[in-house]
Amino acid sequence: MKTISTETFEKLKAIDSATVANAIEKFGVRPDTWGFTGPDIRCLFPELGVMFGYAVTSIMGAREAGESGWRQGWLDYTQAIEDSPKPAVAVIEDFALWPMQGALVGEVMATVMKSLGAVGCLTNGAVRDLDQVREMGFHYHAKGVIVSHGMVKFHAVQRPIRLGRLEVNPGDLVHGDVNGVVVIPPDIADEIPAAAQSILDREAEILEVAKAPGFKAGDLKRFY
């Protein structure tokens, strides 16, 4: 599992996710339609800013009534968070056979995750206890909110998962804010900050021209 330097980490955390997505495109390492969430997964606490860390993946879904031993999956997942590079991001796929059966994460689970080094949760399922989790500064990027936890369990831990259009592997660099979530390819992570700054500089020039008195469409030609 590849990790990045503290310097690179702090530089990436200081950039908004949309600019990170733009910068990744410059390297041609994947199609421009891959590697990010769609509008079905929303940032529930935009005031918390950027969520950035290493993915700890799992699949959660329904369990049978009266089933025994189902809590072992949660213990396995907490161990995976503890063993992960830090900070971690809990990335949870909602089981496709019965999606949105109940809230996958709430106050207690979020507290445990945070204490073990996770900064937030990304899921295509539901969460709950919004006021309490917001208060503790734990990020939620989720498809929805459900009042009950229903009857769910962990079906798999630390394996490749899919959240709608986004594929996530254990240890992936997950970067999210109010714009959505993007996975940063580790091989180009060190080069993203400089690429992002170049994009921001060019955008600043365009914005300056567009806001100037007497702006005309033809003024854009020199940028394109």
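Author: Strands of a sheet pair through backbone hydrogen bonds, in either the parallel or the antiparallel sense. In this predicted model, strand β1 (residues 42-43) runs antiparallel to β7, and two bridges join them. Arg-42 has Ala-142 of β7 as its bridge partner. Strands are DSSP runs (E, at least two residues; helices are H or I, at least four), numbered from the N terminus, and two strands pair if DSSP finds at least two bridges between them. Residues are numbered from 1 along each chain as its sequence is written. The model being predicted, local features need pLDDT of at least 70 and side-chain atom pairs 80 or more, while totals for chains, interfaces and linings use all residues; side-chain values use heavy atoms, without hydrogens and water.

Reader: In which sense do β5 and β7 pair?

Author: Strand β5 (residues 118-123) pairs with β7 in the parallel sense, over three bridges. Cys-121 stands opposite Tyr-140 in β7.

Reader: Which way do the residues of strand β7 point, and are they buried or exposed?

Author: In a regular strand the side chains alternate between the two faces of the sheet. In β7 (residues 139-142), His-139 and His-141 point one way, Tyr-140 and Ala-142 point the other way, and all are buried (under 20% relative accessible area with a 1.4 Å probe, protein chains only; exposed is over 50%, partly exposed in between).

Reader: What is the strand order in the open sheet of three strands?

Author: The order is β4-β6-β8, with parallel pairing. Because β4 and β8 (144-145) stand at the edges with a single partner strand each, one side of each is left without a neighbour in the sheet. Two bridges join β4 to strand β6 (residues 126-127), with Ala-103 partnered by Ala-126 in β6.

Reader: How is a pocket defined, and what is the volume of the largest pocket?

Author: On a 1 Å grid over the protein atoms alone, a pocket is an open set of points where a 1.4 Å probe fits, with protein on both sides within 12 Å along at least five of seven lines; lining residues have an atom within 4 Å of a point. Points are joined across faces, edges and corners, and the volume is the space filled by probe spheres set on them. The largest pocket holds about 410 Å³. Its lining has 20 residues, with Trp-70, Arg-71, Leu-104, Met-109 and His-149 nearest the centre. β4 (103-105), α4 (107-115) and β9 (152-157) each give two or more residues to this lining.
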